[in-house]
Amino acid sequence: MKKLISKIFLLGAILSFGCAEDYLDTLPTDAVSENAVFTTTKNAFTALNGIHRSMFIRYDSQGQPGEGGVMIMREALAEDYVLTGIANGWFISMSRWLNHINENSGDVRFVWRFYYKIIGNANMIIANIDEAEGPQAEKDEIKGQALAYRAWAHFNLVQLFAERYQAGGGNSQLGVPIVLEPITEGGARNTVEEVYTQINADIDAAIALLDEGRNAKSHININVARGIKARIALTQGNYAVAAQQASQAREGYELMSESQLYEGFNNVDNPEWIWGSRQIDDQQTFFASYFAYVSLNFSSTNIRGNPKAINSKLYAEISDTDYRKGLWDPNASDPALRDPFIDEVTLSSFAKRDYMNRKFIAQANASSVGDVPYMRASEMFLIEAEALARAGNDSQAAQVLFNFASQRDPEYTLTTNTGAALIEEIMIQRRIELWGEGFRFYDLKRLNLPLDRTGANHVETVINSKFEEPAGTSNWQFKIPISELNANENMVQNPS
């Protein structure tokens, strides 16, 4: 068995991967050789493009389409994303809180390997790019993006596999191994504090090297790096930093219009998308796709039998004048009342269930193509508002919230809420706006909130009666995969 952390190669990322043991070290036939990859910045850009592509391709199974797959897992674990049927079973075990705490789970193995693969590939770039031939500006851009990826991947790993970061605490609890070399023996787990220290060092270095320029929105520029920094600071309770970085991250990006809200959340050219993966028509991954599970219209067994819905209690919080109200249909099961658009873009074989979403639209019934959203300007508005409110700057927070919410609801007025009530209003807006985009499990964990699915439209037989989980239990941590435990004598499992 190959060690995950001890054998990570960069060039395999440029491929579309198949089986688990191949995707770490296969040399692609359409890429530069391993020896030549860092001789020039042009070749190094090819290697960096491999990391960009690795964000959305298929890994071990069809339910593992890179970051999009992990985003769905994080939604399935929380309360706002409702799986309305079992269909072919994808993500059902995750929604029941069984899969992520099983060390033998293929999904747990995938999540661990996916983020460490990105780290290993980023490390190869960081270690070699300074010696490449080419303009210094290109070296800085390549290195800055690699540092940002390394920070982002460690940040995801420590949130999933470790206990939450506690602002003001020592955070000496076990985190994840910090990996800073291209090839290294599997190490012991660093503390949560040590991991966050490294994450901040990397993202700060990335911000210092990057500017607004980039070749595509799938690439990381300074806006993306600042957005990652804002997320990190919010999680750590560094609210002044979070507010500042979020404000800067959205510079140059405007909120989408009402009509653009209904275009399907599938296009990186949308003016408020800061970061996302563009999926090329002739490179689609079919059933191994974010849109094969979250969209309204792709004709997969999962979508036909398990349309994804919003939590009915959350839906009730949406103002009737809010443009987003129509992104879900509370009457979808009734042919006389449901949104005609649902019948226009689905087939008669599709289940129609109340509160089902029409937010995400795939290219067609027979095509799961759709660009995957990783960061939008709306998130940055909401981070800034939340950070200001939690820091006690109520008037500033209310104004930022107004600047955002009034673009979603023309009848929205400047809130008079303060303190806890203002924070709750902001969090409701965050839950509505970012539904389905992979944030809710992280939010529950960082705020030490319980899982509560009671009183809503969750289906008992689908979630196997998993309606609640108290805050702070060991179940909020993913188990370390058994493959890593077997390969790394320094690794320690999370408690049960």
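**Pockets, helices and cores**

Guide: Eighteen is the count to remember: the largest pocket is lined by 18 residues, and those nearest its centre are Glu 79, Glu 424, Arg 431, Arg 440 and Leu 449. A pocket, on a 1 Å grid over the protein atoms alone, is an open set of points with protein on both sides within 12 Å along at least five of seven lines; lining residues have an atom within 4 Å of a point. This is a predicted model, where local features need pLDDT of at least 70, side-chain atom pairs count only at pLDDT 80 or more, and totals for chains, interfaces and linings use all residues. Residues are numbered from 1 along each chain as its sequence is written, and side-chain values use heavy atoms, with hydrogens and water left out.

Visitor: What volume does the largest pocket have?

Guide: About 370 Å³. A volume here is the space filled by probe spheres set on the grid points, which are joined across faces, edges and corners.

Visitor: Which helix gives the largest share of that pocket's lining?

Guide: α16, with 6 residues. α12, α16 and α17 each supply at least two. Helices (H or I, at least four residues) and strands (E, at least two) are DSSP runs, numbered from the N terminus.

Visitor: Let's stay with α16. How many of its residues are buried?

Guide: 11 of its 15 residues are buried, so α16 is largely enclosed by the rest of the structure. Buried means under 20% relative accessible area, exposed means over 50%, and partly exposed is in between (1.4 Å probe, protein chains only). Among the buried ones are Leu 422, Ile 426 and Arg 431.

Visitor: What covers them?

Guide: The cover includes α12 (312-315), β4 (328-329), β6 (372-376), α14 (377-390), α15 and α17 (440-446).

Visitor: And how far apart are the end C-alpha atoms of α16?

Guide: They are 21 Å apart. At 1.5 Å a residue, its 15 residues should span 21 Å, so the two agree. The expected span is 1.5 Å times one less than the number of residues.

Visitor: New topic. How many cavities are there of 30 Å³ or more?

Guide: The count is 7. A cavity is a set of grid points where a 1.4 Å probe fits but cannot get out.

Visitor: Which element gives the most to its lining?

Guide: α5, with 4 residues.

Visitor: How about Ser 295: buried or exposed?

Guide: Ser 295 counts as buried, because its relative accessibility is 1%. Ser 295 sits in the loop between α10 (291-294) and α11 (301-305). Its side chain reaches the backbone oxygen of Phe 291 at 2.6 Å. A polar atom of that side chain also lies 3.3 Å from the backbone nitrogen of Phe 298.

Visitor: How many residues are in the largest nonpolar core?

Guide: 133, and those with the most contacts inside it are Tyr 149, Trp 152, Phe 161 and Trp 275. Another core, of 6 residues, lies apart from it, with Ile 342 and Ile 361 among them. A nonpolar core is a set of buried Ala, Val, Leu, Ile, Met, Phe, Trp, Tyr and Cys residues joined through side-chain atoms within 4.5 Å.

Visitor: Last one. What is the phi of Ala 87?

Guide: Positive, about 50°, although Ala 87 is not a glycine. Ala 87 is found in the loop between β1 (81-83) and α3 (92-95).

Note on methods: Contact = heavy atoms within 4.5 Å. Polar contact = N/O pair within 3.5 Å; in protein donor to acceptor, adjacent residues only side chain to side chain.
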